[in-house]
Amino acid sequence: MEQGTSQQPAANPQVGEPSATERRRQMVAIGIGNFMEWFDFAIYGYFAAIIGAQFFPSGDATAEMLSALAVFAVGFISRPVGALILGPMGDRIGRKAVLMITVLGMGVITALIGLTPAYATIGIAAPIIVVVLRLLQGAMVGGEWTSAATYIGESAPPKKRALYASVVTATAGLAFLVGTFFAVALTAMMEDDALNSWGWRIPFIASVLMGVVALYIRRRLSDTAVFNTVSAKRIAGTIEKTSTGLRVKAFIMTFAFSGIFGVALYYFVTYMNNYLSGPVGMDRFDALLTTGIVMVIYVIFNPVVGVLTDRFGRKPMNHIGIIGLIVWSLPAFMLMATASPFLSIVALVPFAFFVACTAVTNNVLLVEVFPASIRSSGSAIGYNVAYAALAGPGPLIAAWLVASTGSLISPAYYVIIVGVFSLAILWPMLKETKGVDISHG
(Lines give C-alpha, C1' and ligand atoms only; values in the text may rest on other atoms or scores of the structure.)
Protein backbone atom coordinates (compact mmCIF):
# COMPACT_ATOMS: atom_id res chain seq x y z
CA MET A 1 0.00 0.00 0.00
CA GLU A 2 1.22 3.57 0.50
CA GLN A 3 3.77 2.45 3.01
CA GLY A 4 6.67 4.55 1.76
CA THR A 5 9.23 3.71 -0.85
CA SER A 6 12.31 2.96 1.22
CA GLN A 7 13.11 -0.56 2.28
CA GLN A 8 13.09 -0.77 6.05
CA PRO A 9 14.64 -3.45 8.23
CA ALA A 10 12.51 -6.39 9.28
CA ALA A 11 10.56 -5.88 12.46
CA ASN A 12 11.83 -9.13 13.94
CA PRO A 13 15.52 -9.48 13.11
CA GLN A 14 16.02 -12.71 14.98
CA VAL A 15 13.89 -14.56 12.47
CA GLY A 16 16.59 -14.06 9.85
CA GLU A 17 16.50 -13.85 6.09
CA PRO A 18 16.87 -17.02 3.98
CA SER A 19 20.30 -17.87 2.64
CA ALA A 20 21.01 -18.02 -1.08
CA THR A 21 20.79 -21.83 -0.94
CA GLU A 22 17.45 -21.66 0.87
CA ARG A 23 16.12 -19.17 -1.67
CA ARG A 24 17.06 -21.50 -4.54
CA ARG A 25 15.29 -24.36 -2.75
CA GLN A 26 12.23 -22.18 -2.30
CA MET A 27 12.14 -21.22 -5.97
CA VAL A 28 12.45 -24.85 -7.04
CA ALA A 29 9.69 -25.94 -4.66
CA ILE A 30 7.32 -23.16 -5.72
CA GLY A 31 8.20 -23.61 -9.39
CA ILE A 32 7.67 -27.38 -9.47
CA GLY A 33 4.44 -27.22 -7.50
CA ASN A 34 3.14 -24.33 -9.54
CA PHE A 35 4.06 -26.16 -12.76
CA MET A 36 2.04 -29.17 -11.67
CA GLU A 37 -0.96 -27.04 -10.66
CA TRP A 38 -1.11 -25.28 -13.99
CA PHE A 39 -0.35 -28.32 -16.09
CA ASP A 40 -3.49 -29.81 -14.59
CA PHE A 41 -5.48 -26.68 -15.33
CA ALA A 42 -4.04 -26.32 -18.84
CA ILE A 43 -4.81 -29.75 -20.18
CA TYR A 44 -8.52 -29.21 -19.66
CA GLY A 45 -8.33 -26.21 -21.97
CA TYR A 46 -6.26 -28.01 -24.59
CA PHE A 47 -8.65 -30.96 -24.73
CA ALA A 48 -11.80 -28.82 -24.43
CA ALA A 49 -13.18 -29.91 -27.81
CA ILE A 50 -12.74 -33.62 -26.99
CA ILE A 51 -14.13 -33.19 -23.47
CA GLY A 52 -17.15 -31.42 -24.94
CA ALA A 53 -17.87 -34.36 -27.20
CA GLN A 54 -17.28 -36.91 -24.41
CA PHE A 55 -19.37 -35.32 -21.68
CA PHE A 56 -21.74 -32.94 -23.50
CA PRO A 57 -22.58 -34.72 -26.78
CA SER A 58 -25.04 -32.87 -28.99
CA GLY A 59 -23.86 -33.59 -32.50
CA ASP A 60 -22.97 -29.92 -32.93
CA ALA A 61 -19.23 -29.26 -32.54
CA THR A 62 -19.79 -25.58 -31.69
CA ALA A 63 -22.35 -26.41 -28.98
CA GLU A 64 -20.04 -29.07 -27.53
CA MET A 65 -17.13 -26.62 -27.45
CA LEU A 66 -19.28 -23.97 -25.77
CA SER A 67 -20.41 -26.52 -23.17
CA ALA A 68 -16.83 -27.56 -22.41
CA LEU A 69 -15.70 -23.93 -22.13
CA ALA A 70 -18.69 -23.18 -19.91
CA VAL A 71 -17.52 -25.92 -17.54
CA PHE A 72 -14.01 -24.44 -17.78
CA ALA A 73 -15.56 -21.15 -16.59
CA VAL A 74 -17.41 -22.99 -13.79
CA GLY A 75 -14.06 -23.72 -12.19
CA PHE A 76 -13.58 -19.99 -11.70
CA ILE A 77 -16.86 -19.59 -9.81
CA SER A 78 -15.47 -21.61 -6.91
CA ARG A 79 -12.14 -19.79 -6.87
CA PRO A 80 -13.36 -17.00 -4.56
CA VAL A 81 -14.73 -19.71 -2.24
CA GLY A 82 -11.32 -21.35 -2.17
CA ALA A 83 -9.77 -17.93 -1.56
CA LEU A 84 -12.12 -17.24 1.36
CA ILE A 85 -11.08 -20.54 2.98
CA LEU A 86 -7.43 -20.89 2.01
CA GLY A 87 -6.44 -17.20 2.05
CA PRO A 88 -7.10 -16.67 5.79
CA MET A 89 -5.42 -20.02 6.48
CA GLY A 90 -2.29 -18.63 4.85
CA ASP A 91 -2.38 -15.61 7.17
CA ARG A 92 -3.10 -17.70 10.28
CA ILE A 93 -1.25 -21.00 9.98
CA GLY A 94 1.28 -20.18 7.28
CA ARG A 95 1.92 -19.84 3.55
CA LYS A 96 3.54 -23.30 3.44
CA ALA A 97 0.46 -25.12 4.78
CA VAL A 98 -1.76 -23.73 2.03
CA LEU A 99 0.79 -24.59 -0.66
CA MET A 100 0.79 -28.22 0.50
CA ILE A 101 -3.01 -28.47 0.56
CA THR A 102 -3.46 -26.98 -2.90
CA VAL A 103 -0.84 -29.07 -4.68
CA LEU A 104 -2.13 -32.40 -3.37
CA GLY A 105 -5.78 -31.47 -3.83
CA MET A 106 -5.23 -30.39 -7.43
CA GLY A 107 -3.44 -33.62 -8.33
CA VAL A 108 -6.14 -35.89 -6.89
CA ILE A 109 -9.05 -33.93 -8.37
CA THR A 110 -7.52 -33.74 -11.84
CA ALA A 111 -6.88 -37.49 -11.83
CA LEU A 112 -10.54 -38.06 -10.94
CA ILE A 113 -11.60 -36.02 -13.98
CA GLY A 114 -9.48 -38.34 -16.12
CA LEU A 115 -11.14 -41.38 -14.55
CA THR A 116 -14.75 -40.17 -14.96
CA PRO A 117 -16.70 -42.33 -17.47
CA ALA A 118 -18.11 -40.56 -20.53
CA TYR A 119 -21.75 -39.61 -21.12
CA ALA A 120 -22.19 -42.66 -23.35
CA THR A 121 -21.33 -44.89 -20.35
CA ILE A 122 -23.11 -43.35 -17.36
CA GLY A 123 -25.41 -40.76 -18.92
CA ILE A 124 -26.21 -37.46 -17.20
CA ALA A 125 -24.06 -38.39 -14.19
CA ALA A 126 -20.94 -37.83 -16.33
CA PRO A 127 -21.30 -34.07 -16.88
CA ILE A 128 -22.52 -33.60 -13.30
CA ILE A 129 -19.39 -35.28 -11.91
CA VAL A 130 -17.14 -33.21 -14.18
CA VAL A 131 -18.82 -29.98 -13.07
CA VAL A 132 -18.42 -30.89 -9.37
CA LEU A 133 -14.75 -31.80 -9.87
CA ARG A 134 -14.12 -28.56 -11.78
CA LEU A 135 -15.63 -26.65 -8.86
CA LEU A 136 -13.27 -28.40 -6.45
CA GLN A 137 -10.34 -27.89 -8.81
CA GLY A 138 -11.12 -24.18 -9.00
CA ALA A 139 -11.19 -23.92 -5.20
CA MET A 140 -7.67 -25.40 -5.02
CA VAL A 141 -6.35 -23.00 -7.65
CA GLY A 142 -8.05 -20.21 -5.70
CA GLY A 143 -5.44 -20.70 -3.00
CA GLU A 144 -2.42 -21.74 -5.06
CA TRP A 145 -1.49 -18.77 -7.24
CA THR A 146 -1.65 -16.05 -4.61
CA SER A 147 -0.05 -18.28 -1.96
CA ALA A 148 2.83 -19.00 -4.34
CA ALA A 149 3.16 -15.30 -5.19
CA THR A 150 3.09 -14.36 -1.50
CA TYR A 151 5.64 -17.01 -0.51
CA ILE A 152 8.12 -16.24 -3.27
CA GLY A 153 7.67 -12.46 -2.90
CA GLU A 154 8.29 -12.56 0.85
CA SER A 155 11.36 -14.74 0.31
CA ALA A 156 12.94 -12.65 -2.46
CA PRO A 157 15.75 -10.11 -2.11
CA PRO A 158 14.04 -6.66 -2.11
CA LYS A 159 15.78 -5.52 -5.29
CA LYS A 160 14.87 -8.70 -7.20
CA ARG A 161 11.29 -9.15 -6.09
CA ALA A 162 9.81 -8.92 -9.60
CA LEU A 163 12.40 -11.33 -11.00
CA TYR A 164 11.51 -13.85 -8.29
CA ALA A 165 7.81 -13.25 -8.98
CA SER A 166 8.45 -14.22 -12.59
CA VAL A 167 9.24 -17.77 -11.36
CA VAL A 168 5.53 -18.23 -10.66
CA THR A 169 4.38 -16.82 -14.00
CA ALA A 170 7.13 -18.52 -16.03
CA THR A 171 6.48 -21.97 -14.55
CA ALA A 172 2.77 -21.51 -15.21
CA GLY A 173 3.65 -20.72 -18.82
CA LEU A 174 5.99 -23.70 -18.91
CA ALA A 175 3.15 -25.90 -17.68
CA PHE A 176 0.93 -24.72 -20.51
CA LEU A 177 3.84 -25.24 -22.91
CA VAL A 178 4.36 -28.84 -21.78
CA GLY A 179 0.61 -29.34 -21.94
CA THR A 180 0.67 -28.09 -25.53
CA PHE A 181 3.45 -30.41 -26.64
CA PHE A 182 1.89 -33.28 -24.72
CA ALA A 183 -1.26 -32.63 -26.74
CA VAL A 184 0.81 -32.34 -29.94
CA ALA A 185 2.50 -35.68 -29.21
CA LEU A 186 -0.76 -37.45 -28.42
CA THR A 187 -2.43 -35.95 -31.50
CA ALA A 188 0.47 -37.03 -33.73
CA MET A 189 0.89 -40.55 -32.31
CA MET A 190 -2.71 -41.65 -31.79
CA GLU A 191 -5.61 -42.29 -34.11
CA ASP A 192 -8.50 -39.90 -33.62
CA ASP A 193 -10.80 -42.58 -32.20
CA ALA A 194 -8.25 -43.67 -29.59
CA LEU A 195 -7.38 -40.07 -28.65
CA ASN A 196 -11.05 -39.14 -28.30
CA SER A 197 -12.03 -42.22 -26.27
CA TRP A 198 -9.12 -42.63 -23.84
CA GLY A 199 -5.90 -40.95 -24.97
CA TRP A 200 -6.89 -37.51 -23.64
CA ARG A 201 -7.23 -39.05 -20.16
CA ILE A 202 -3.51 -39.91 -19.83
CA PRO A 203 -2.22 -36.51 -18.64
CA PHE A 204 -5.17 -36.12 -16.27
CA ILE A 205 -4.50 -39.41 -14.51
CA ALA A 206 -0.74 -38.78 -14.40
CA SER A 207 -1.39 -35.63 -12.38
CA VAL A 208 -1.73 -37.54 -9.13
CA LEU A 209 1.89 -38.70 -9.42
CA MET A 210 3.10 -35.15 -10.02
CA GLY A 211 1.06 -34.02 -7.03
CA VAL A 212 2.79 -36.49 -4.73
CA VAL A 213 6.23 -35.39 -5.95
CA ALA A 214 5.37 -31.70 -5.54
CA LEU A 215 3.98 -32.33 -2.04
CA TYR A 216 7.20 -34.08 -1.01
CA ILE A 217 9.27 -31.13 -2.22
CA ARG A 218 7.09 -28.48 -0.60
CA ARG A 219 6.93 -30.18 2.78
CA ARG A 220 10.65 -29.51 3.20
CA LEU A 221 10.12 -25.74 3.03
CA SER A 222 10.12 -23.48 6.07
CA ASP A 223 7.70 -20.58 6.28
CA THR A 224 8.77 -17.07 5.29
CA ALA A 225 10.50 -14.68 7.69
CA VAL A 226 7.72 -12.14 7.05
CA PHE A 227 5.03 -14.62 8.12
CA ASN A 228 7.01 -15.64 11.20
CA THR A 229 7.37 -11.98 12.19
CA VAL A 230 3.65 -11.30 11.74
CA SER A 231 2.77 -14.51 13.59
CA ALA A 232 4.93 -13.42 16.54
CA LYS A 233 3.21 -10.02 16.55
CA ARG A 234 -0.21 -11.66 16.46
CA ILE A 235 0.65 -13.85 19.45
CA ALA A 236 1.96 -10.80 21.32
CA GLY A 237 -1.15 -8.81 20.45
CA THR A 238 0.85 -6.07 18.71
CA ILE A 239 -0.36 -6.65 15.17
CA GLU A 240 -1.09 -3.46 13.26
CA LYS A 241 -4.65 -3.00 12.00
CA THR A 242 -5.37 -2.10 8.40
CA SER A 243 -8.01 0.55 7.78
CA THR A 244 -11.13 -0.29 5.77
CA GLY A 245 -10.21 2.38 3.23
CA LEU A 246 -6.84 0.81 2.51
CA ARG A 247 -8.41 -2.64 2.24
CA VAL A 248 -11.00 -1.40 -0.27
CA LYS A 249 -8.39 0.44 -2.33
CA ALA A 250 -6.15 -2.62 -2.46
CA PHE A 251 -9.11 -4.81 -3.48
CA ILE A 252 -10.14 -2.45 -6.31
CA MET A 253 -6.60 -2.25 -7.67
CA THR A 254 -6.18 -6.02 -7.42
CA PHE A 255 -9.46 -6.57 -9.24
CA ALA A 256 -8.18 -4.33 -12.05
CA PHE A 257 -4.63 -5.65 -12.54
CA SER A 258 -5.63 -9.28 -11.97
CA GLY A 259 -8.68 -8.95 -14.23
CA ILE A 260 -6.81 -7.85 -17.34
CA PHE A 261 -4.00 -10.32 -16.65
CA GLY A 262 -6.45 -13.20 -16.27
CA VAL A 263 -8.43 -12.36 -19.40
CA ALA A 264 -5.28 -12.02 -21.51
CA LEU A 265 -3.69 -15.15 -20.04
CA TYR A 266 -6.66 -17.43 -20.68
CA TYR A 267 -7.18 -16.06 -24.15
CA PHE A 268 -3.51 -16.81 -24.77
CA VAL A 269 -3.13 -20.23 -23.17
CA THR A 270 -6.63 -21.73 -23.45
CA TYR A 271 -8.66 -20.08 -26.17
CA MET A 272 -6.12 -19.41 -28.93
CA ASN A 273 -5.46 -23.07 -29.68
CA ASN A 274 -9.17 -23.87 -29.90
CA TYR A 275 -9.79 -20.66 -31.87
CA LEU A 276 -7.15 -21.49 -34.48
CA SER A 277 -8.18 -25.14 -34.86
CA GLY A 278 -11.93 -24.36 -34.67
CA PRO A 279 -13.43 -21.20 -36.21
CA VAL A 280 -10.27 -20.23 -38.12
CA GLY A 281 -9.94 -23.73 -39.60
CA MET A 282 -6.23 -24.32 -39.08
CA ASP A 283 -5.13 -27.95 -38.89
CA ARG A 284 -5.19 -29.01 -35.21
CA PHE A 285 -1.57 -30.12 -35.24
CA ASP A 286 -0.48 -26.81 -36.81
CA ALA A 287 -2.54 -24.89 -34.24
CA LEU A 288 -0.96 -26.77 -31.35
CA LEU A 289 2.52 -26.30 -32.80
CA THR A 290 1.92 -22.58 -33.39
CA THR A 291 0.72 -21.92 -29.86
CA GLY A 292 3.52 -24.10 -28.49
CA ILE A 293 6.22 -22.09 -30.26
CA VAL A 294 4.78 -18.83 -28.95
CA MET A 295 4.51 -20.30 -25.45
CA VAL A 296 8.29 -20.93 -25.47
CA ILE A 297 8.78 -17.25 -26.21
CA TYR A 298 6.29 -16.30 -23.48
CA VAL A 299 8.21 -18.32 -20.88
CA ILE A 300 11.41 -16.49 -21.88
CA PHE A 301 9.65 -13.13 -21.72
CA ASN A 302 8.72 -13.59 -18.04
CA PRO A 303 12.19 -13.29 -16.42
CA VAL A 304 13.04 -10.53 -18.91
CA VAL A 305 9.98 -8.59 -17.77
CA GLY A 306 10.94 -9.38 -14.17
CA VAL A 307 14.33 -7.70 -14.64
CA LEU A 308 12.73 -4.71 -16.39
CA THR A 309 10.13 -4.36 -13.63
CA ASP A 310 12.83 -4.36 -10.94
CA ARG A 311 14.74 -1.76 -12.95
CA PHE A 312 12.00 0.63 -14.10
CA GLY A 313 9.16 -0.02 -11.66
CA ARG A 314 5.85 -1.84 -11.42
CA LYS A 315 3.53 0.88 -12.70
CA PRO A 316 5.21 1.59 -16.08
CA MET A 317 5.59 -2.10 -16.97
CA ASN A 318 2.00 -2.85 -15.94
CA HIS A 319 0.69 0.02 -18.07
CA ILE A 320 2.83 -1.04 -21.04
CA GLY A 321 1.17 -4.46 -20.84
CA ILE A 322 -2.37 -3.13 -20.58
CA ILE A 323 -2.00 -0.48 -23.30
CA GLY A 324 -0.29 -3.02 -25.54
CA LEU A 325 -3.22 -5.42 -25.16
CA ILE A 326 -5.71 -2.65 -25.94
CA VAL A 327 -3.87 -1.56 -29.07
CA TRP A 328 -2.61 -4.93 -30.39
CA SER A 329 -5.58 -7.27 -29.81
CA LEU A 330 -7.52 -6.28 -32.94
CA PRO A 331 -4.52 -6.52 -35.33
CA ALA A 332 -3.55 -9.82 -33.69
CA PHE A 333 -6.95 -11.40 -34.37
CA MET A 334 -6.90 -10.06 -37.93
CA LEU A 335 -3.59 -11.81 -38.53
CA MET A 336 -4.76 -15.07 -36.91
CA ALA A 337 -7.95 -15.03 -38.98
CA THR A 338 -5.82 -15.65 -42.09
CA ALA A 339 -5.23 -19.25 -40.84
CA SER A 340 -1.53 -18.85 -41.60
CA PRO A 341 0.70 -20.40 -38.90
CA PHE A 342 3.44 -17.86 -39.66
CA LEU A 343 1.14 -14.82 -39.40
CA SER A 344 -0.41 -16.29 -36.27
CA ILE A 345 3.04 -16.43 -34.67
CA VAL A 346 3.63 -12.82 -35.76
CA ALA A 347 0.33 -11.93 -34.07
CA LEU A 348 0.94 -13.83 -30.86
CA VAL A 349 4.55 -12.89 -30.04
CA PRO A 350 3.75 -9.23 -29.16
CA PHE A 351 0.57 -10.44 -27.45
CA ALA A 352 2.71 -12.79 -25.35
CA PHE A 353 5.01 -9.94 -24.30
CA PHE A 354 2.07 -7.81 -23.16
CA VAL A 355 0.61 -10.77 -21.25
CA ALA A 356 4.00 -11.27 -19.56
CA CYS A 357 4.02 -7.60 -18.50
CA THR A 358 0.61 -7.96 -16.83
CA ALA A 359 1.58 -11.36 -15.38
CA VAL A 360 4.81 -10.41 -13.62
CA THR A 361 3.52 -7.07 -12.36
CA ASN A 362 0.35 -8.78 -11.14
CA ASN A 363 2.36 -11.16 -8.98
CA VAL A 364 4.68 -8.60 -7.46
CA LEU A 365 1.80 -6.16 -6.83
CA LEU A 366 -0.17 -8.89 -5.03
CA VAL A 367 2.65 -8.87 -2.48
CA GLU A 368 3.31 -5.13 -2.37
CA VAL A 369 -0.17 -3.55 -2.17
CA PHE A 370 -1.31 -5.62 0.84
CA PRO A 371 0.07 -5.37 4.40
CA ALA A 372 1.69 -8.60 5.61
CA SER A 373 -1.02 -9.48 8.14
CA ILE A 374 -3.77 -9.70 5.49
CA ARG A 375 -1.63 -10.41 2.42
CA SER A 376 -2.63 -14.03 1.87
CA SER A 377 -6.37 -13.45 2.36
CA GLY A 378 -6.56 -10.01 0.73
CA SER A 379 -4.64 -10.91 -2.40
CA ALA A 380 -6.44 -14.25 -2.76
CA ILE A 381 -9.90 -12.68 -2.57
CA GLY A 382 -9.15 -9.75 -4.90
CA TYR A 383 -7.35 -11.90 -7.44
CA ASN A 384 -9.92 -14.68 -7.51
CA VAL A 385 -12.97 -12.43 -7.63
CA ALA A 386 -11.41 -10.80 -10.70
CA TYR A 387 -10.80 -14.22 -12.23
CA ALA A 388 -14.34 -15.41 -11.52
CA ALA A 389 -15.94 -12.23 -12.87
CA LEU A 390 -13.69 -11.43 -15.83
CA ALA A 391 -11.07 -14.07 -16.68
CA GLY A 392 -12.92 -17.36 -16.25
CA PRO A 393 -15.73 -16.49 -18.67
CA GLY A 394 -13.18 -15.09 -21.16
CA PRO A 395 -12.76 -18.15 -23.43
CA LEU A 396 -16.52 -18.78 -23.34
CA ILE A 397 -17.28 -15.15 -24.22
CA ALA A 398 -14.74 -15.29 -27.03
CA ALA A 399 -16.28 -18.47 -28.48
CA TRP A 400 -19.78 -17.01 -28.09
CA LEU A 401 -18.77 -13.79 -29.88
CA VAL A 402 -17.51 -15.73 -32.89
CA ALA A 403 -20.57 -18.02 -32.93
CA SER A 404 -23.10 -15.17 -32.59
CA THR A 405 -21.49 -12.54 -34.84
CA GLY A 406 -19.71 -14.73 -37.37
CA SER A 407 -16.71 -12.40 -37.09
CA LEU A 408 -13.33 -14.00 -36.45
CA ILE A 409 -11.95 -10.76 -34.97
CA SER A 410 -14.81 -10.23 -32.48
CA PRO A 411 -13.00 -11.86 -29.48
CA ALA A 412 -10.57 -8.91 -29.50
CA TYR A 413 -13.28 -6.57 -28.28
CA TYR A 414 -13.58 -8.28 -24.90
CA VAL A 415 -9.85 -7.89 -24.23
CA ILE A 416 -10.05 -4.23 -25.26
CA ILE A 417 -13.05 -3.52 -23.00
CA VAL A 418 -11.45 -5.18 -19.96
CA GLY A 419 -8.15 -3.42 -20.71
CA VAL A 420 -9.76 0.02 -20.87
CA PHE A 421 -11.68 -0.70 -17.66
CA SER A 422 -8.50 -1.80 -15.83
CA LEU A 423 -6.42 1.11 -17.09
CA ALA A 424 -9.10 3.61 -16.03
CA ILE A 425 -8.79 2.28 -12.46
CA LEU A 426 -5.03 1.82 -12.27
CA TRP A 427 -3.85 4.99 -13.99
CA PRO A 428 -4.98 7.25 -11.12
CA MET A 429 -4.97 4.76 -8.22
CA LEU A 430 -1.80 2.69 -8.57
CA LYS A 431 1.25 4.25 -6.95
CA GLU A 432 4.76 2.93 -7.53
CA THR A 433 5.46 0.17 -5.01
CA LYS A 434 9.04 -0.64 -5.94
CA GLY A 435 11.11 -0.85 -2.75
CA VAL A 436 8.26 -0.82 -0.21
CA ASP A 437 8.70 -2.59 3.14
CA ILE A 438 6.58 -5.76 2.75
CA SER A 439 7.10 -6.79 6.39
CA HIS A 440 4.85 -3.92 7.46
CA GLY A 441 1.51 -4.68 9.14
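Reader: What volume does the largest cavity have?
Author: The largest cavity has a volume of about 40 Å³. On a 1 Å grid over the protein atoms alone, a cavity is a set of points where a 1.4 Å probe fits but cannot get out. Points are joined across faces, edges and corners, and the volume is the space filled by probe spheres set on them. Please note that the model is predicted: local features need pLDDT of at least 70 and side-chain atom pairs count only at pLDDT 80 or more, while totals for chains, interfaces and linings use all residues. Residues are numbered from 1 along each chain as its sequence is written, and side-chain values use heavy atoms, with hydrogens and water left out.

Reader: Which residues line the largest cavity?
Author: The lining consists of W145, T169, A172, G173, F176, F261, L265, V269 and Y298, where a lining residue has an atom within 4 Å of a point.

Reader: And which elements give two or more residues to that lining?
Author: They are α8 (161–189) and α12; helices are DSSP runs of H or I with at least four residues, numbered from the N terminus. The largest share, four residues, comes from α8.

Reader: How does the lining divide by class?
Author: There are seven nonpolar, two polar and no charged residues. Here Ala, Val, Leu, Ile, Met, Phe, Trp, Tyr, Cys and Pro count as nonpolar, Asp, Glu, Lys and Arg as charged, and the others, Gly among them, as polar.

Reader: Turning to aromatics, how many aromatic pairs are there?
Author: The structure holds 18 aromatic pairs. Rings of Phe, Tyr and Trp (its six-membered ring) pair if their centres lie within 6.5 Å; planes under 30 degrees apart are stacked, over 60 edge-to-face and the rest tilted. The rings of W145 and F261 have centres 5.8 Å apart and planes at 40 degrees, so this pair is tilted. W145 lies in helix α7 (residues 125–155) and F261 in helix α12 (residues 244–277), so the pair ties together parts 116 residues apart in sequence.

Reader: Are W145 and F261 buried or exposed?
Author: W145 and F261 are both buried, that is, under 20% relative accessible area with a 1.4 Å probe and protein chains only. Together with Y266, Y383 and Y387, they form one aromatic cluster.

Reader: Where is G153, and what is it in contact with?
Author: G153 is in helix α7 and is buried, with a relative accessible area of 2%. Beyond its neighbours within four places in sequence, G153 is in contact (heavy atoms within 4.5 Å) with R161, V367 and I438.

Conventions:
Buried < 20%, exposed > 50% of the residue type's maximum accessible area, 1.4 Å probe, protein only. 1 Å grid on protein atoms, 1.4 Å probe; cavity = no way out; pocket = protein on both sides within 12 Å on 5 of 7 lines; lining within 4 Å.
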